[in-house]
Amino acid sequence: MNRRQSLLAAVAVATVALGWGPVRAEDGVTLTIGKLLELTGPLSENGPSQDKAITIAVDYANQAAAAAGVPIKVSAVSADAQGDPQAALSAARALVAKGASAIIGPSITPESIAIANGLTIQKRISLWPVGTSTRLRTIKDEGTIFRTVPPDSLQAYALAAAVVDKVGDPKGKLLSIAYRNEPYGEGLAKDLKAAWTAKGGTIQGPVVFDPAQATFDSEAQQVVDHNPDAYVVIDYPDTFAKFGASLVRTGNYDAAKLVVPDALAFSTVPGNIPPPALEGARGTRGGSDISTDAYKLFDQLWQKAGGVEHFALDANSFDSTTLVVLAAAAAHSTDPAALTAKIRDVAKPGAPKFGPTTLGEALKAAWSGKPIDYVGVAGAFEFADNGDPTISRFDIYEYKGGKLDVIKQIDAAK
Amino acid sequence: MTIEEGIGAGAQGRAPRPPIEIPAAAWLALTLVFVAVCLVVARGPVAVGQTTLNGLIAAGYFSLGAVGLTLVFGTLRIINFAHGDLLTLGAYLTFGLNAMGAPFWPAAAVAIALTALIALSLDYVIWAPLRRARTSTLQAMLAAIGLAMVIRFTVQFFAGSQVRGVGQDVLSSINIGPLHLGSLQALVLVVGVVASTLVGLGLAFTRLGKQIRALSDNMALAEVAGIDTARAIRVVWIVAGGLAALAGILFAAAVGSVNPNFGFFTLLSLFTAAVLGGIGNAYGALVGGLVIGLAQEWSTLFVNPRWKPVVGFAILIVVLLVLPRGIFGGSRERS
Amino acid sequence: MTFLNLDFWIGVGVIAGIYGIFVLGLQLNVGFTGIINLGQAGFMAIGAYAMGMLVVDAGWPMALAFPAAVGVAVGAGLLVGLPTLRLRADYFGIVTIAFSEIVRYVLQNASFAGGNQGVIGYDAEWRAFQSWVSPHLKPLGLDRATQAPLLIAVWAMLFLCVCGLKALQASPWGRALRAIREDEDAAAALGKNVFAFKLQSLGLAAALAAIAGFFLALNVTYLYPSEFDLSFTFFGYAALLLGGFASYAGAALGAVVLCALTEGLRFLDLPLSSGQVGSLRMILVGLMLVGLSLYRPEGLLGNRSEMQLRA
Amino acid sequence: MKARTHPALLSVEAVVKRFGGVAALRSATFAVARGSITALIGPNGAGKTTMLDLISGYDRPSSGAIRFDGRRIDGLATHRIARKGVVRTFQLTRVFAAMSVRDNMLVGAQKHPGERLHQIAFGRAAVRHAEAEALERAERLLSAFALSDKGDHYAGALSGGQRKLLELARALMAAPRLVLLDEPMAGVNRALGRRLLDEVERLRREQGMTFLFIEHDMDVVMTRADQVVVMAEGAVVAAGPPSIIRRDPRVLDAYLGRKANAA
């Protein structure tokens, strides 16, 4: 061994001894989770709520583990993706350098692809992106990417089904589509258009609006023109607060005709969205048989923690974090690769089901090595080989009094 | 420019330009009316009427925000990239005071005064030393980019980057026949027009205004001619800072919910309005805002609204190539 | 020690190298010709997307697509410069901002460039080459580092560009460029076609932007419009100011120091929320920019006397 | 057809220049003979510098024509006129402050292959040769103007007088045919001034260069110029050899500001 390699070996031994490196000791597991957040830059409105969602999940997991006597302690380190793939890649490396065993986030697909190809695939570190673009599926992730957000293709069917549930047979019915100019909106709108026209309905739009505009009145007018039977607006809460107000101001907007996807699903509608824009509107969201009380628990934790209001897809980050904790418990280790290998065992179809309300037992079962099927707040997962959730069950909810109320569940695959 | 030409030019023909170029304004009004008529023929009166109204609202936002920018740019030759963040500062100071119990609009008044004061103190700390060191426009621009980051992220440090509801009534609207516009939006439009006109009149007819215009034409000459440039510069920063805060507060109130990036995101539209109208010309900011606002909203009648931002930039490039000094800037002039 | 993570600093080295090449173009324009080019990110986008689309849509080998993409960017540089280089310096700056924003919006909205879906799959040849090279880096202990080959490639290209530009700067062409920067009218009175020189300077800067765009594309493996927004150009100017407006080596050094500073600050752990730490990082970069403009406008390697002569 | 060699190297024909509403030049007409040293005199504001600007293409006349060697140059860009052999100095000397004196001189070299990118790449021998030639010419001119020891200094660090000499020496690098000098003696001490004028006469004698220079010092005008053009209020009021101009009453009126009838 030349001098250089012996030096590197010495450093490696030192880190393990000091407990910074992966630990396989029997006494307990101290897991560090990497939070890759949008803290500055164009998407910084996402950051605070993702941060809070992950922090709540970490605290809740620690409580549950302590109560259940499972020797696992969880902490989190954060890094700023800045809404830019190059910075996100460097941020991901900083998280790994700080000892993170898995990475939750980032929130847009370009960042996820850069991190996957540049770091996590080779090091077999599990990556839990929030972005839904189909592009993420074109890379060979070797089982390291997991998404708790339903893929566009499935959600598009759910949206179409939700509209049919509202307006009946699509034949001769006009559906007006609008979306915010980014991958999430574009993907869903394309699949929804196909699903709706396949059922015989007609489409108006899609109207595409740029989030940084000063006014959205012309766009809103185009959505309500010709008095369509229903509208689908695919947006994030920050722009929808403005777009919703423009819709109401058009004078012939009826929120009851609106159907929105999961980015606008919150247990309580944030204060900055004017109530008439959403009151009576319906939406779709990943569903499971324990949806309602899982969501109630999540909402309690959220309100109790104080701080920022709900934003988009924060339940998904909560679930991703919980799954990572369960996988670490199953693997008895914080080695990223070992943890990644156990993720499918904690969301195995047919294994005993656990949910947020029974996280203690889930941790105990996982620690004892038995496969479990953890069902989260944002639905059941049971990951396919490309890391997308296979379960196609969706909640159809309605906003009543600013609260989300699940009124129906459908299976989007049929 | 040799001394002889300098004095010659100053004395002979190029006295600080009269505020309104009668022919340019008339020519522009005619074009806009002509285009509007064609649109009505193509898309019907209601659609054109509504988009025109939306265009006027956008013009209100842009001109109110651009007046301060064009004043500073014209007078002190600073490409002030931090101007957008002064809008954010005004809005968030209002939220802060509001949270401490002050009602919204009184809090806004205090916030406007505070922002004007901050803009003034920034001149002492940053812009005056740079002027004394006679650094290049590029140096001042880089300082502005740095200052923009300091303001934006200090606001974000204290207020957080999450979206914040402003709590004003964004839903109430005024109906003119089939057309409608938000009442707060109407306020922005009115204040935008009034502010740029007042600043324009102030520049044209008050003694201080003439001094400021002399400043923008040739700082050295103005000093030689005995103008108290320090006082003029102070007034420029107070007006620019105050108007920026006013624009930020009205923008946030009318839009309904913002996060600390909103000022910076509108900056390029403000630049486009200021440059289009002719730098240093308050009416220019109004006209520039009008042209972009109308063009962008009218474009939605033909093209998917996703192209709206491109329309603004394309117009800026075209007008600058045809009238290198902007609509009111006059014809080609040696740099 | 978590701070001395090899993988992390190799990644920072790659980003610094990409910014280094990007800033060389700015140095040529601003430092040596006196044109304020704020559209450099637009040229970078054109270079990166041209390469990506030539490989993915037209099936070209990367070895051909890269030089062709640089050519496309140079063409864009000339096309933009022709009608605008006669404008006053600050107006030219604003027009180039408008140009680079139009490029970004067109890439996001036009279908030919993949729109919101971006461009992916252009780096297969590079990834094959990278996995072939990695084992050979064992003696350096870099075989496990994910981006080591890219780091070597970026810095080799940066070194080549600095040498090339230094030679150009020492040539009569470079001398004429500096004369134009000092006093356009005097240079014209000596028979120099100022417009033609400025156009060549802008075209060359566009080529450098395209080269930086090529390596950015390899670093992030996926082309998406928001990778080329204005903040990239502003950050480039911060590096230029840090390095000083007098030399190409200074520009490259400025990029390294700025990237090391901002990325190093990621390890700042203070009793603050992650959002506040994120904001603090940006405040420090902003303060650096303001501080440099005020107290050391000539940057690290520039010389003050030359600047004072010019004032 | 060989270009007909006109008696006048430069002819200014009814040139008018308006700035906004005011006419800086009201139809000026005069000619500069080939190989002559012509002085352009007149009170401040007479439009002398404006005339130089128009001849050198720094600005365009509002109407009228300017011919050099028989061909019109009033529409051409500055660098095109310079390449035809018409160079100028400025009233406020404009040297490249942050460049060395030697570099300032070398920028003056004309048609230098080294200034074209493709030559740098493929014509390296031609570039080296042209550079050596330019360097040799620069050294000769610097010594003629007593600046040879300042080669490596920043041009901006020179005294006012030295800068004027550098600006002239730089203009001569281009082996010009017509040199326009805007108050070449201003700020230069008497000894250096004499040396400069001797150099001007030597260039006229040896290389047939033609000079048109703005000058306020009457005894320099009367002793050194062989032709004088007098301008006042934007028009040419008199032109001719110094001996006649000295006695012409219109010249006196021009300076005293009385309404002289135009020539």
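Tutor: Helices (H or I, at least four residues) and strands (E, at least two) are DSSP runs, numbered from the N terminus. Two strands pair if DSSP finds at least two bridges between them. This is a predicted model, in which local features need pLDDT of at least 70 and side-chain atom pairs count only at pLDDT 80 or more, while totals for chains, interfaces and linings use all residues. Residues are numbered from 1 along each chain as its sequence is written, and chains are lettered from A and ligands numbered from 1 in the order in which they are written.

Student: What makes β1(D) and β2(D) a hairpin?

Tutor: β1 (residues 8-19) and β2 (residues 22-33) of chain D are joined by eight bridges in the antiparallel sense, and at least two are required for pairing. Two residues lie between the strands, and G20(D) in the turn has a positive phi of about 60 degrees. Within this pairing, L10(D) stands opposite V32(D).

Student: How do you know that β1(D) also pairs with β4(D)?

Tutor: Five bridges join β1(D) to β4 (residues 63-68) of chain D, and the two run antiparallel. V12(D) has I66(D) as its bridge partner in β4(D).

Student: Why are β10 and β12 of chain A called edge strands?

Tutor: The open sheet has the order β10-β11-β12 in chain A, with mixed pairing. β10 (353-354) and β12 (379-380) each pair on one side only. F354(A) has Y374(A) as its bridge partner in β11(A).

Student: Why is I125(A) called buried?

Tutor: A residue is buried if 20 or more other C-beta atoms lie within 10 Å of its own, exposed if 12 or fewer, and partly exposed in between, with C-beta atoms placed from the backbone. I125(A) has 24 such neighbours and therefore counts as buried. I125(A) is in the loop between α4 (109-123) and β4 (126-128) of chain A. Contact requires C-beta atoms, placed from the backbone, within 7 Å; leaving aside residues up to four places away in sequence, I125(A) touches several residues, including V96(A), L119(A) and P336(A).

Student: How do you know that chain B agrees with a compact globule?

Tutor: The radius of gyration is taken over C-alpha atoms, and the globule rule is 2.2 Å times the number of residues to the power 0.38. For 335 residues the rule gives a value near 20 Å, and chain B has 20 Å, so the two agree. Buried residues make up 57% of chain B.

Technical notes: Contact = placed C-beta atoms within 7 Å.
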